[in-house]
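Dear colleague,

Please find below the sequence and the structure that I am handing over to you. My notes on it follow, going from the overall picture to single residues.

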Amino acid sequence: MKKILVIHGPNLNLLGKREPGIYGFKSIEEINKALIRIAKKNKVLLEIKQSDHEGNIVQLIGGSKGKFSAIIINPAAYTHTSIAIRDAILGVNIPTVEVHLSNIYAREEFRHKSLIAPVAKGQICGFGKNSYILALLAVIELLKNQTHALETTKYHKD
Ligand code: DQA
């Protein structure tokens, strides 16, 4: 079964209580439950981590090579500052989808720049909890297409 690594960055453990006008009332546990439900239905496995520490996130990404087929990450505030997380994603070369609950482009100017977006497969932002769900559905489609492409290649070789 394909495995997907989901990483929640700093302060996302506080979801539901943290600035609910911006981030909504759903807790991280509720978001994770919804993701696990969709993963089960689609026969993929999720490993879900939350960390407030940049170095931990770098290590999680660095250790994902060979274990995970894709990464979904909400780098939270590190989105706008972390060359280290960007380099880790480049280093492992695993398709990565960047997620934000809020629309970062409709907020303060310092949030308009993502250092992660240029190295991500894509970015989904502005849909609250559904940003994660849309990211997971996008990743599932991506992995299906990869498998299909592999099978087609095999078929042509035979
Ligand atoms: C966030 C947006 C970031 O700018 C912010 O620092 C966060 C959360 C979001 O999900 O909307 O912590 O990543």
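**Overall layout**

The protein contains 5 helices and 5 strands, and please keep in mind throughout that what you have is a predicted model. Read from the N terminus, its elements follow the order β-α-α-β-α-β-α-β-β-α. The radius of gyration is 16 Å, close to the 15 Å that the globule rule gives for 158 residues, so the protein is as compact as a globular protein of that length. The C-alpha trace spans about 55 × 30 × 25 Å along the principal axes.

Of the 158 residues, 44% are buried. Among contacts with a separation of 6 or more, 76% are made by residues 24 or more positions apart. The protein exposes about 8700 Å², and 55% of that area is supplied by carbon and sulfur atoms. As for charge, there are 22 positive and 13 negative side chains, and the centres of these two sets lie 7 Å apart.

Helix H4 covers residues 83–92, and its buried residues are Ile85, Ala88, Ile89 and Val92. Why do these residues lie on the same side of H4? They cover an arc of only 100 degrees around the axis, which puts them on one and the same side of the helix. On the face turned away from the buried side, H4 carries the exposed residues Ile83 and Gly91. The cover over the buried residues of H4 includes helix H3 (54–62), strand S3 (70–74) and strand S4 (96–100).

H4 is followed by asparagine 93, which is found in the loop between H4 and S4. Is asparagine 93 buried or exposed? With a relative accessibility of 62%, asparagine 93 counts as exposed, because the cut-off for that class is over 50%.

**Isoleucine 71 in strand S3**

Strand S3, which is part of the cover over H4, holds isoleucine 71. The relative accessibility of isoleucine 71 is 0%, so this residue counts as buried. Which residues does isoleucine 71 contact, once its neighbours within four places in sequence are left aside? They are Leu5, Ile7, Ile61, Ser64, Val92, Ile94, Pro95, Thr96 and Val97. One of these, Val92, is also among the buried residues of H4. Isoleucine 71 and valine 6 are 65 residues apart along the chain, and their C-alpha atoms are separated by 5.9 Å.

**Asparagine 11**

A positive phi is also found at asparagine 11, where the value is about 75 degrees although the residue is not a glycine. Asparagine 11 lies in the loop between strand S1 (3–8) and helix H1 (20–23), and with a relative accessible area of 33% it is partly exposed. Leaving aside neighbours within four places in sequence, asparagine 11 is in contact with Arg18, Gln50 and Asp52. Asparagine 11 and lysine 49 are 38 residues apart in sequence, and the distance between their C-alpha atoms is 12 Å.

Not counting residues up to four places away in sequence, serine 114 touches Thr79, Glu98 and Gln123. Serine 114 and phenylalanine 25 are 89 residues apart in sequence and 25 Å apart in space, C-alpha to C-alpha.

Histidine 112 lies in the loop between S4 and S5 as well, and at 31% relative accessibility it counts as partly exposed. Beyond its neighbours within four places in sequence, histidine 112 is in contact with Ile104, Tyr105, Ala106 and Arg107. The C-alpha atoms of histidine 112 and glycine 16, which are 96 residues apart along the chain, are separated by 23 Å.

Technical notes: Residues numbered from 1 in each chain as written. Predicted model: local features only at pLDDT ≥ 70, side-chain atom pairs only at ≥ 80, totals over all residues. Heavy atoms only, no water. Buried < 20%, exposed > 50% of the residue type's maximum accessible area, 1.4 Å probe, protein only. Helix = DSSP H or I, 4+ residues; strand = E, 2+ residues; numbered from the N terminus. Arc of directions from axis to C-beta. Contact = heavy atoms within 4.5 Å. Rg over C-alpha atoms; globule rule 2.2 N^0.38 Å. Areas by Shrake-Rupley, 256 points an atom, 1.4 Å probe, with all protein chains shown as cover. Lys, Arg positive; Asp, Glu negative; His and termini not counted. Charge placed at Lys NZ, Arg CZ, Asp CG, Glu CD.
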